2 protein chains.
Amino acid sequence: MTDLGRSGEITPAELALATRNRGMPLEGMRHDVTPVGLHYLLVHFDIPALDPERWRLRITGAVEREVELDLDEIRSRPAKTVTATMECAGNGRARLEPRPISQPWLNEAIGTARWTGAPLGELLAEVGIGDAVELVFTGADHGIEGGEELDYARSLPVGEATRPSVLLAYEMNGRPLEPQHGYPLRLLVPGWYGMTSVKWLTRIEAVTEPFRGFHQATAYHYKQSDDEPGEPVTRIRPRALMIPPGFPDFPERRRYLDRGHVTVTGRAWSGLAPIERVEIGVDGEWHEAELDEPIDEWAWCRWSWPWDAEPGEHLLACRATDAGGESQPLEQPWNVQGLGNNLVQQVPVLVR
Amino acid sequence: MTDLGRSGEITPAELALATRNRGMPLEGMRHDVTPVGLHYLLVHFDIPALDPERWRLRITGAVEREVELDLDEIRSRPAKTVTATMECAGNGRARLEPRPISQPWLNEAIGTARWTGAPLGELLAEVGIGDAVELVFTGADHGIEGGEELDYARSLPVGEATRPSVLLAYEMNGRPLEPQHGYPLRLLVPGWYGMTSVKWLTRIEAVTEPFRGFHQATAYHYKQSDDEPGEPVTRIRPRALMIPPGFPDFPERRRYLDRGHVTVTGRAWSGLAPIERVEIGVDGEWHEAELDEPIDEWAWCRWSWPWDAEPGEHLLACRATDAGGESQPLEQPWNVQGLGNNLVQQVPVLVR
């Protein structure tokens, strides 16, 4: 349990979030594509109740012609399927000290799904967005944050929104989205942290000035204090995670395994560049893991490393480096909202 | 946030469990049948990796003939579908003071699914269990608990195991079980708390003496101290839960709603007897809710109550009573393992 920053009591609000939101048990990484019910889930406010018959997507603002589309119209457009690894920007938050108060993820806010939908860029080309600098995506989930009553909304620069892998997604793993994953339609932005892929999408607005809504301009920024503007959180930083080897005890979840050969395995991904290298640490000594090809351009790749486990207590770790030279920190870099913490995972094991 | 017992810091072990296990966001109660990815999930040890080609179910012990069945043999038997509400025996644990250390559920360890499988009683009649008093069900999930290395195992008296609604289930909501719900085969015992419905089933043993394994004889008992034997936890106690009305703030999840008419709605269930009555409390005054028929014999029923919400802070509550006269307590009855806590739910709201 070295993974939890211990400073400060977990608050009732954090526990209420932790029992609603859903981390993926790390042994779920054995699947190339995460079963729907194992994928991580973060719901910002409540899951909205949307009637697919009455639901519409409106495309408005600085467009040549405004349109309103129903689900059949979107489903009848040319479809594309993208397998993408998604991660919550807050993954790792509960390992920061002091711990920022929000959903207290340790390592498990991850999942990889096959998303099917209509490429957004093709639709935007049809409606015409000549003067726009950003697209603002508004979801139907509604609540109060930062002293304001609002629908969840995020924006993307035109260049990012029109990448060919950005989808208006209506299927996950070959079936209609389940309600909690954005039914009937969500945005999917491979390579960016999950807050970008707005669920329960109702409106896309082309704007000629950068969007300043709460979830764009205030939330999701790397900053050291609430007073500074900070740097916006965008793409997923590199991360490797291992499936904790052996078996656990209950309720502490310490790991036990038998001496001898064990294949340590896991996944690695980055939204910045392809993964180039995964290293496995055993008691502070680093070894090169074997890396498989990624499943898709924006999806994780499997890695493995053969370990001859000798009796005693050991501390395992793993660290990914991407083709841009970005790697994972060995010490906790802190920020006030607890975002993008890709600190190296550490797994203590007892070999018998 | 009146729902959380505040005594004692949440431990790292509890947080590690809370980010693996999955509660159902209560707005999920708007669905008669819970989508697979919204159903609650508790995994005792790890999710095992079972190869369906090599997996077998063995029926052994005090039977006239031992059998070993593969998945096709089980799927080719006459099938039955049962819609059942399942609840974790530990639901409500984190509302106890002092808080027992295990998965810290508040209220959300629930779900209702359509389970399809082969009725167990028919299979047992074929293999012959004349002298047996219990059936022991062993799953493939493996770990250490109570100082012992073991597979998770639970038993049922013959009379319970042969009820016509007890299934060897291989489908959930019309699709093969997802790995975390027991793939390829699990036991389904409608009306009993979830620990009874053993997942990743590998063996059924007929025994002539009551089973004394850890998860049967030590765990899952109502007791005031670890020294006493206690009473075994069996069927689901009555409970009503409401979908918190209005919308939340983030991250505190306080509820806000507009003045005027609002339909307060939710679900109620009991594994002991049909639900007969649901009452809604508003600031300590109780009102009778309207009750729909249950979806199936062992499934929840919907209830609703029209409220003319006046501005100000209010405390909403709901309470179920079943046909056996069992109701929900208004004060916390404590037990050492934190089981069966069906204390009435309370939802503070601010009406504007």
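Two strands count as paired if DSSP finds at least two bridges between them. Strands (E, at least two residues) and helices (H or I, at least four) are DSSP runs, numbered from the N terminus. This is a predicted model: local features need pLDDT of at least 70, side-chain atom pairs count only at pLDDT 80 or more, and totals for chains, interfaces and linings use all residues. Residues are numbered from 1 along each chain as its sequence is written, while chains are lettered from A and ligands numbered from 1 in the order in which they are written.

**Sheet in chain A**
- An open, antiparallel sheet of four strands runs in the order β13-β16-β20-β19 in chain A.
- β13 (239-242) and β19 (290-291) of chain A are the edge strands; each has a single partner strand, so one side of each lacks a neighbour in the sheet.
- Two bridges join β19(A) to β20 (residues 301-309) of chain A, in the antiparallel sense.
- A:Leu291 has A:Trp303, in β20(A), as its bridge partner.

**Symmetry**
- Chain A superposes on chain B by a rotation of 180° with 0.0 Å of shift along the axis, at RMSD 0.0 Å (least squares on C-alpha atoms of residues with pLDDT of at least 70 in both copies).
- That is the relation of a two-fold axis.
- A:Gly37 has the C-alpha nearest the axis in chain A, 1.8 Å from it.

**Interface**
- Contacts (C-beta atoms, placed from the backbone, within 7 Å) link 49 residues of chain A with 49 residues of chain B.
- α1 (12-18), β5 (134-145) and β14 (247-248) of chain A each supply at least two residues to the side touching chain B.
- The largest share, six residues, comes from α1(A).
- 100% of the interface residues of chain A are also interface residues in chain B, so the copies meet through the same surface.

How values were computed
Contact = placed C-beta atoms within 7 Å.
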